[in-house]
Amino acid sequence: MKEMLKITASLVLIFVAAGLVMAVVFAKTAPIVKIKKEQEETAARKKMMPDADNIIEAGKWEPYGKKGKYFEGKKGEESIGYLISTYGKGYSSYINILVSVGKDMKVKGIGILGHGETPGLGDEIEQDYFKKRFEGKSLEQLEVVKVEGTDKIQAISGATISSRAVTNGVRESVKLLKEKYSGVAK
């Protein structure tokens, strides 16, 4: 019985020590991770709207209960378009998407900021051939189809759920921007 108590006490001590070490490491690295993430997001926004002199945060929203923001891109005093960070509920993760929209409320481009979709299938959403399918699309055209040769978004074969998640995220973000900046949405 004494031997069992010694082993239990030793294990409890090891687990407490390991927990304390992890807490200290987290406390030291969390601010660094946050700063790095903000820098990456700023770089992604600049890449998505390179003509903008200034990209100003215009508001916040919560797609799928996640925190998103939208921005107005300006060249001098003139608004040249909008950026919005959004999410789509994919097959195995929430997909973090950055959407660039022109003043005409048509998609200029999208970027995938993060996801946990299946390698070789769902992760095809990161490929340029898929992202280019969104360029020039209006709110009404942001719908997934499984056939070729349409003005809608063609699903990736074997990854329809991931394709639909990105499309739904983009559609909801364009709808929000349309409501905010043109007062009209369908």
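**Notebook: pockets and ring pairs**

I began with the second largest pocket and found that helix 1, strand 5 (107-114) and helix 2 (128-131) each supply at least two residues of its lining. I took helices (H or I, at least four residues) and strands (E, at least two) as DSSP runs, numbered from the N terminus. The model is a predicted one, in which local features need pLDDT of at least 70 and side-chain atom pairs count only at pLDDT 80 or more, while totals for chains, interfaces and linings use all residues. Residues are numbered from 1 along each chain as its sequence is written, and side-chain values use heavy atoms, with hydrogens and water left out.

By pocket I mean, on a 1 Å grid over the protein atoms alone, an open set of points where a 1.4 Å probe fits, with protein on both sides within 12 Å along at least five of seven lines; lining residues have an atom within 4 Å of a point.

Strand 5 gives the most to the lining of the second largest pocket, six residues. I noted its volume as about 320 Å³, a volume being the space filled by probe spheres set on the grid points, which are joined across faces, edges and corners. Of the 14 residues lining the second largest pocket, Lys47, Met48, Ile110, Gly111 and Lys131 are the closest to its centre.

I then turned to the largest pocket, with a volume of about 440 Å³. Its lining has 19 residues, and Lys37, Glu41, Lys67, Lys69 and Ser85 lie nearest the centre. Here helix 1 provides the largest share of the lining, six residues.

Next I looked up aromatic pairs, meaning rings of Phe, Tyr and Trp (its six-membered ring) with centres within 6.5 Å, counted as stacked with planes under 30 degrees apart, edge-to-face over 60 and tilted for the rest. The whole structure holds three such pairs. Tyr64 and Tyr94 make a tilted one, at 5.8 Å centre to centre and 50 degrees between the planes. Tyr64 sits in the loop between strand 1 and strand 2 and Tyr94 in strand 4, 30 residues apart.

Tyr82 and Tyr181 count as stacked because their ring centres are 4.1 Å apart and their planes at 25 degrees. This pair links strand 3, where Tyr82 lies, to helix 3 (residues 160-181), which holds Tyr181, across 99 residues. I recorded Tyr82 as buried at 7% relative accessibility and Tyr181 as partly exposed at 29%, where buried means under 20% relative accessible area, exposed over 50% and partly exposed in between (1.4 Å probe, protein chains only).
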